Amino acid sequence: MFNLQLHISPQTEQRLRAILASAQDEEAFAQNIIAYQIAELQKGLMNIRLDLKELESKYNTSSEEFYQQYTQGKSDDSEDAMLWAGLYEMMRDNESRLRELA
């Protein structure tokens, strides 16, 4: 048994209790929540990677090479550079979260 404490509003608690009451199988319900989170991370990663590919093509360099230069202060602070760095960090964070759930 897994005891979970959530700090949520009474309205959210009421709605969640209604969902759990109608769930036939609590294990399947929990697995579906995890599967949903995995699918959302995968979709997000796909979109981030598409955006990174655009920047890589535009500047003819890999995101890894760009990010290394960026973190060493060897890149400008253009809007593209800030966006690229943010996307790269989001990709790494999402990949890490995905590994934890897999």
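Helix 2 is followed by N60, a residue with a positive phi, near 55°. Helices here are DSSP runs of H or I with at least four residues, strands are E runs of at least two, and both are numbered from the N terminus. What I present is a predicted model, in which local features need pLDDT of at least 70, side-chain atom pairs count only at pLDDT 80 or more, and totals for chains, interfaces and linings use all residues. Residues are numbered from 1 along each chain as its sequence is written, and side-chain values use heavy atoms, with hydrogens and water left out.

Let me turn to the chain as a whole. Its secondary structure comes to four helices and zero strands, in the order α-α-α-α from the N terminus. The radius of gyration, taken over C-alpha atoms, is 20 Å, well over the 13 Å that the globule rule gives for 102 residues, so the chain is more spread out than a compact globule. That rule is 2.2 Å times the number of residues to the power 0.38. Along the principal axes, the C-alpha atoms fill a box of roughly 55 × 25 × 20 Å. Of the 102 residues, 19% count as buried, meaning under 20% relative accessible area with a 1.4 Å probe, protein chains only.

I return to helix 2, residues 26–59. At 1.5 Å a residue, its 34 residues should span 50 Å, and the end C-alpha atoms are 49 Å apart, which agrees. The expected span is 1.5 Å times one less than the number of residues. At the start of this helix, a side-chain oxygen of D25 reaches to within 3.0 Å of the backbone nitrogen of E27. The buried residues of helix 2 are I38, L41, L45, I48, L52, L55 and E56. An α-helix has 3.6 residues a turn, so residues three or four places apart point the same way. The buried residues of helix 2 pack against helix 3 (63–71) and helix 4 (79–101), with contact meaning heavy atoms within 4.5 Å.

Finally, the aromatic residues. Rings of Phe, Tyr and Trp (its six-membered ring) pair if their centres lie within 6.5 Å; planes under 30 degrees apart count as stacked, over 60 as edge-to-face and the rest as tilted. By this rule there are five aromatic pairs. The ring centres of F66 and W84 are 4.1 Å apart with planes at 5°, so this pair is stacked. F66 lies in helix 3 and W84 in helix 4, 18 residues apart. Both F66 and W84 are buried. Ring pairs link Y59, F66, Y67, Y70, W84 and Y88 into a cluster.

Technical notes. Buried means under 20% relative accessible area, exposed over 50%, partly exposed in between (1.4 Å probe, protein chains only). A polar contact is a pair of N or O atoms within 3.5 Å; within protein, one must be able to donate a hydrogen and the other to accept it, and residues adjacent in sequence count only if both atoms are side-chain atoms.
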